[in-house]
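Here is a briefing on one protein structure. Look over the sequence and the fold, then read the points below.

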Amino acid sequence: MHAVWAKQASCDIGCGLMTDVVDQAKRSRMMSGIRSKDTKPERFVRSALHRAGFRFRLHARLPGKPDVVLPKYHAVVFVHGCFWHRHAGCRYTTTPASNATFWQEKFAANKQRDTAVRRQLRRLGWQVHVIWSCQLNQPKMDALIARIRFAKGSKS
Ligand SMILES: [Zn+2]
């Protein structure tokens, strides 16, 4: 198990994610709670994209640190938590009852930063895609994949 993780960590383009889904699910159950919780949405999106044939870079130095960078498509993907990034109309986009002002200011700042980051990336020529954490299922991934491919096709 350790060897698998070491290999994954050293791979810059996500090759380690080629392990099949069953293996991954089993491994995440074996991992300690906090760590697997933190990385699960990103991992879901990355492995779905990888299965679809996309090759990507992790940890690219771009505004907002996108979760996935697809150089060939000139596209980036953000995996956004609905609560923190305020997914409009989503049932997870709740506001805590106490300290309402604090939360409203925090959420407003988050939204402002997201907008600024998207604008910066677009100015640099990147297609920006967002997938929300409530949308981590295959139909939504298929839609995302179609959008990425379409965006590339319409550019060339
Ligand atoms: Zn949502």
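**Leu70 and the fold around it**

Leaving aside residues up to four places away in sequence, Leu70 touches Phe54, Phe56, Ala75 and Ile148. A contact here means that two C-beta atoms, placed from the backbone, lie within 7 Å. This is a predicted model: local features need pLDDT of at least 70, side-chain atom pairs count only at pLDDT 80 or more, and totals for chains, interfaces and linings use all residues. Residues are numbered from 1 along each chain as its sequence is written.

**Overall layout**

- The protein chain has six helices and three strands. Both are DSSP runs numbered from the N terminus: helices are H or I with at least four residues, strands are E with at least two.
- From the N terminus on, the order of elements is α-α-α-β-β-α-α-β-α.
- Of the 156 residues of the protein chain, 15% count as buried. Buried means 20 or more other C-beta atoms within 10 Å of the residue's own, exposed means 12 or fewer, and partly exposed lies in between; the C-beta atoms are placed from the backbone.
- Among contacts in the protein chain with a separation of 6 or more, 59% join residues 24 or more positions apart.

**Nonpolar core**

- The largest nonpolar core has 16 residues. Such a core is a set of buried Ala, Val, Leu, Ile, Met, Phe, Trp, Tyr and Cys residues joined through C-beta atoms within 7 Å.
- Val45, Val68, Leu70, Ala75, Val76 and Val77 have the most contacts inside this core.
- Helix H3 (33-51), strand E1 (68-70), strand E2 (75-80) and helix H6 (138-155) each supply at least two of the core residues.
- E2 gives the largest share, five residues.

**Sheet**

- Three strands form an open sheet in the order E1-E2-E3, with mixed pairing. Two strands pair if DSSP finds at least two bridges between them.
- E1 and strand E3 (127-132) stand at the edges with a single partner strand each, so one side of each has no neighbour in the sheet.
- E1 and E2 pair in the antiparallel sense over three bridges. Val68 has Val77 as its bridge partner in E2, and Leu70 has Ala75.
- E2 and E3 pair in the parallel sense over six bridges. Here the partner of Ala75 in E3 is Gln127.
- Six of the six residues of E2 are buried. Ala75, Val77 and Val79 lie on one face, and Val76, Phe78 and His80 on the other.

**Positive phi values**

- Most residues other than glycine have a negative phi.
- His74 takes a positive phi near 50° in the hairpin of E1 and E2, which has four residues between the strands.
- Arg86 has a positive phi of about 60°. It is found in the loop between helix H4 (82-85) and helix H5 (100-123). Arg86 is partly exposed, with 17 other C-beta atoms within 10 Å.
- Asn99 has a positive phi near 55°. Its place is also in the loop between H4 and H5. Asn99 is exposed, with 11 other C-beta atoms within 10 Å.

**Confidence**

- The protein chain averages a pLDDT of 80, and 72% of the residues score at least 70. pLDDT is the predictor's confidence in each residue, from 0 to 100.
- Over residues 1-22 the pLDDT is below 50; this stretch has 21 contacts in the model beyond near neighbours in sequence.
- Over residues 28-38 pLDDT stays under 50, and the model has four contacts beyond four places in sequence for them.
- Where pLDDT is low, the predicted coordinates should not be read in detail.
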